Amino acid sequence: MHDIDIRPHIIDRVVARRGRHHLFDRIDARTTALVVIDMQPTFVAEGGAGEVPMSRSIVPNINALAQVLRDRGGVVVWVVHANARIGDSSDWSGFYDRFVAQDVRARTIEMNAPRPTADALWHGLDVHPEDVHIVKNRYSALVSGSSGLERSLRSLGITNLLIAGTKTNVCCESTGRDAMMLDFFPIMVSDCLAALSDEEHRATLETFIQQFGDVMTSGEVAEHLK
């Protein structure tokens, strides 16, 4: 896991602006979802096309928090990324044709191809039958047209989102930012998130807590869940 803390002067800014460190003294588990993003072989497996080595270390924390939330009446949502192949490209050509080098494009598209739910997630995750499964095709699972996540959350009466997965500063941050813009209350769970470096991880968390939501460890979330 990333062994970093949000720096004190950032916390001071947050307290000065909103009068408190955390947004809530308690979190109602019945209106809360743990949204776990992109914990799939493409990003978690050693040698994966988009490998984030730190992602393997957060699996135990994700599993533990997921069980705490289930036990208290909340919802666990597994979000994976997939893009359909179209000719030599995909349904996200703006990304694959410009941001991915030609020699790794085909491999990346293949690893991100749609797969059955049982095969899509990293094998170390503790997935239960009652959990929700969502497929997205853009960084953010909440940007228009990316997935059915927003509709699923609204239908379940969810207002609080616990964001976990990888990368902290890409798909997780993008989804968390959009969540706030859509009037959900997102919390980045710091020890359930992974980036390619401590610097990128901390930069996201420090920006997020100032402008978009909250940041807690999984232990702090468990203490706040009622």
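F24 is partly exposed, since its relative accessible area comes to 26%, where partly exposed covers the range between buried (under 20% relative accessible area) and exposed (over 50%), as found with a 1.4 Å probe and protein chains only. The model is a predicted one, in which local features need pLDDT of at least 70 and side-chain atom pairs count only at pLDDT 80 or more, while totals for chains, interfaces and linings use all residues. Residues are numbered from 1 along each chain as its sequence is written, and side-chain values use heavy atoms, with hydrogens and water left out.

A search of the whole structure gives two aromatic pairs, that is, rings of Phe, Tyr and Trp (its six-membered ring) whose centres lie within 6.5 Å, called stacked if the planes are under 30 degrees apart, edge-to-face if over 60, and tilted for the rest. One of them joins F24 and F185 edge-to-face, with 5.4 Å from centre to centre and 85° between the planes. This pair links distant parts of the chain, as F24 sits in the loop between helix 1 (8-18) and strand 1 (32-37), whereas F185 belongs to strand 7 (residues 185-194), 161 residues apart. F185, at 39% relative accessibility, is also partly exposed. The rings of F208 and F212 have centres 5.9 Å apart and planes at 35°, so this pair is tilted; both F208 and F212 are buried.

Turning to the whole protein, its secondary structure comprises 10 helices and eight strands, which are DSSP runs numbered from the N terminus (helices H or I, at least four residues; strands E, at least two). Of its 226 residues, 49% count as buried.
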